[in-house]
Amino acid sequence: MIEARHINKSFDDNHVLKDISIKFRKGITNLVIGQSGSGKTVLIKCFVGLLEVDSGEILYGDHNFSNMTWKERKEIRKEIGMLFQGGALFDYMNVQENVMFPLTMFSDMTPAERLDRVNFCLERVNLPGVNKLMPSELSGGMVKRVAIARAISLEPKYLFCDEPNSGLDPQTSNVIDNLISELTQELDITTVINTHDMNSVMEIGDQISFIYKGEVWWEGNKGDILKTGNKEINDFVFASKLAKSIK
Amino acid sequence: MKFITDLGRYLLLMKEVFTKPDKLKVFFRQILIEIQNLGIESLGIVIIISIFVGAVVAIQTAYNIDSPLIPLTMVGFTTRQSIILEFSPTMLSLVLAGKVGSRIASEIGTMRVSEQIDALEIMGVNPANYLIQPKVIASVFINPILIIFSIAFALFGGYLAAITTGIVTTHDYIIGLQSWFDPYTVTYALIKTAVFAFIIASVSGYQGFYTRGGALEVGAASTRAVVYSSILIITSNLILTQLLLA
């Protein structure tokens with residue numbers, strides 16, 4: 001489990017995260033939703049240590065991540081996989097080298113074992129045989145899937161996904177959503193997904209936290225979200241006239 | 001005030017850069033890749049510029065010798081001294097600051113804005129160490145070798161000028177090249193080049209590493225890398241010359 005306790009984060013006078021306390025459970029897909037600029041990405045960056053919180057604590061199991069030194073964090077980070085919005089594949093490496101990179105850096109596997117693991121991960125994301133392609137030769141959906149393969153190559157305990165569907169068509173988004181959901185159950189990991197895609201919410205939203213103006217405004221699951229009377233979340237979920245009329 | 005902030009950030013980054021690499025095998029492979037990217041790929045432009053500048057220096061020197069009391073062997077001697085003491089180490093380092101510095105800054109800057117550096121950090125890799133240290137070490141190693149090539153080809157350029165223009169006989173030119181040779185001038189040139197190489201790679205790495213924004217900012221970081229490296233090369237040239245030759 002991952003937990004945040006009373007975290008605050010400001011940029012100059014802009015108080016982005018306001019006393020946020022939140023828990024992400026293992027084996028389910030935990031979704032963080034909210035409008036653009038609500039603080040979702042800042043929250044996820046605080047969780048992985050790309051941004052430091054001003055106050056409060058972030059806990060990975062029993063370990064207080066906020067107080068750790070770089071060396072201590074390094075050990076936790078080996079257990080973290082992250083899928084970035086744009087994939088963040090290394091441009092100068094081909095697919096195989098990208099997926100193999102964490103294994104090369106942090107495992108004692110032989111080259112043959114590493115290659116087996118790369119092939120296994122690529123097959124798991126339904127991309128067998130693309131080992132030698134460069135990131136520039138991949139479609140948006142393929143980039144995301146290779147990034148997932150890289151994120152799971154070291155068998156992480158925690159998987160963070162920042163807008164995994166941005167720039168993808170609805171069908172490919174669905175494939176990515178279901179892939180993340182399946183991997184979460186298969187590997188029994190704690191998965192946190194940052195999204196504002198309502199299709200994802202309805203497809204894989206086991207646990208949903210709605211962030212509004214830097215605060216946790218509402219928590220529930222995909223069943224609850226359609227029934228809630230909360231005005232802000234209804235405005236977010238049923239944003240279009242069509243959705244409002246259906247409701 | 002901004003200068004002091006930048007200097008502090010640069011020194012803190014260098015502290016991160018010069019830590020023990022995560023995996024030595026990967027680190028040595030990265031150094032070899034950077035030697036290829038930053039050094040070997042610059043050999044062509046180094047040779048072309050050196051040949052032509054060597055020829056021009058020889059012609060200009062001959063043109064300025066109008067007293068019959070000055071022997072024409074001075075053309076070779078002056079060309080050699082100009083090339084070894086200043087042209088090859090300083091002028092070519094300025095050229096390399098443009099070619100290599102912009103490459104380093106734009107490469108690392110692009111990695112920053114496309115979240116590749118964040119990806120490294122989350123994996124537990126020290127990105128400053130992984131990305132910048134091999135570039136600095138490769139540059140400090142390969143640039144002096146490039147400068148040796150530059151010196152050789154510039155002197156050859158002077159020789160070609162002697163043959164094609166007839167401003168001086170090849171015999172006089174070669175006698176001039178061999179006259180009053182002090183090997184310390186080459187040591188001085190190599191020390192200067194190594195210092196300049198460190199400046200180019202580290203300043204450009206710094207500019208790239210702290211890029212924020214998008215494509216426009218990557219371009220701006222690349223320009224800053226070239227401008228700051230060039231200014232630092234020129235100023236440190238004066239200091240090193242005073243320290244090593246005075």
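Predicted model: local features only at pLDDT ≥ 70, side-chain atom pairs only at ≥ 80, totals over all residues.
Colleague: Why can residues three or four places apart in an α-helix point the same way?

Modeller: It comes down to the geometry of the turn. Residues with that spacing point the same way because an α-helix has, per turn, 3.6 residues.

Colleague: How many residues of H5(A) are buried?

Modeller: H5(A) has 13 residues and reaches 19 Å from its first C-alpha to its last, close to the 18 Å expected. Its buried residues include Lys144(A), Arg145(A) and Arg150(A), along with Val143(A) and Ile148(A). They pack against S6, H3, H4 (111–124), S7 and H6 of chain A. H5(A) is mostly covered, and the number of its residues that are buried is 11.

Colleague: What comes after H6(A), and is Asp188(A) buried or exposed?

Modeller: H6(A) is followed by Asp188(A), found in the loop between H6 and S8 of chain A. Its phi is positive, about 50°, although Asp188(A) is not a glycine. Most residues other than glycine have a negative phi. With 10 other C-beta atoms within 10 Å, where 12 or fewer is the cut-off, Asp188(A) is exposed.

Colleague: Where in chain A is Asp19(A), with its positive phi?

Modeller: Asp19(A) is not a glycine either, and its phi is about 50°. It has 14 other C-beta atoms within 10 Å, so Asp19(A) is partly exposed. Its place in chain A is strand S2 (residues 14–24).

Colleague: How far apart in space are Phe238(A) and Glu203(A)?

Modeller: Phe238(A) is in the loop between H9 (231–237) and H10 (241–246) of chain A. It counts as partly exposed, with 16 C-beta neighbours inside 10 Å. Phe238(A) and Glu203(A) are 35 residues apart in sequence, and their C-alpha to C-alpha distance is 16 Å.

Colleague: Now to where the chains meet. Which element gives the most to the side of chain A that touches chain B?

Modeller: The contact involves 15 residues of chain A and 13 residues of chain B. On the chain A side, H2 (70–77), S6 (80–83) and H3 (95–106) each supply at least two residues. The element that gives the most, with 4 residues, is H3(A).

Colleague: Turning to chain B, how many helices are there?

Modeller: The C-alpha atoms of chain B fill a box of roughly 70 × 40 × 35 Å along the principal axes, and 46% of its 246 residues count as buried. From the N terminus on, its elements run α-α-α-α-α-α-α-α-α. With 0 strands, the number of helices in chain B is 9.

Colleague: How many of the 16 residues of H1(B) are buried?

Modeller: H1(B) runs over residues 2–17 and reaches 22 Å from its first C-alpha to its last, close to the 22 Å expected. H1(B) lies largely in the open, because the number of its residues that are buried is 1.

Colleague: One last pair: is the crossing of H4(B) and H8(B) left-handed or right-handed?

Modeller: H4(B) (residues 73–113) and H8(B) (residues 184–209) pack with their axes 8 Å apart, at an angle of about 20°. That makes H4(B) roughly parallel to H8(B). The crossing in which H4(B) passes H8(B) is right-handed.

Key: Residues numbered from 1 in each chain as written. Chains lettered and ligands numbered in written order. Axes fitted to C-alpha atoms, helices over the stretch in contact; angles between N-to-C directions. Parallel < 35°, antiparallel > 145°, perpendicular 65-115°, else oblique. Left-handed = near helix turned anticlockwise from the far one by under 90°. Contact = placed C-beta atoms within 7 Å. Expected span 1.5 Å × (residues − 1). Buried ≥ 20, exposed ≤ 12 C-beta atoms within 10 Å, placed from the backbone.
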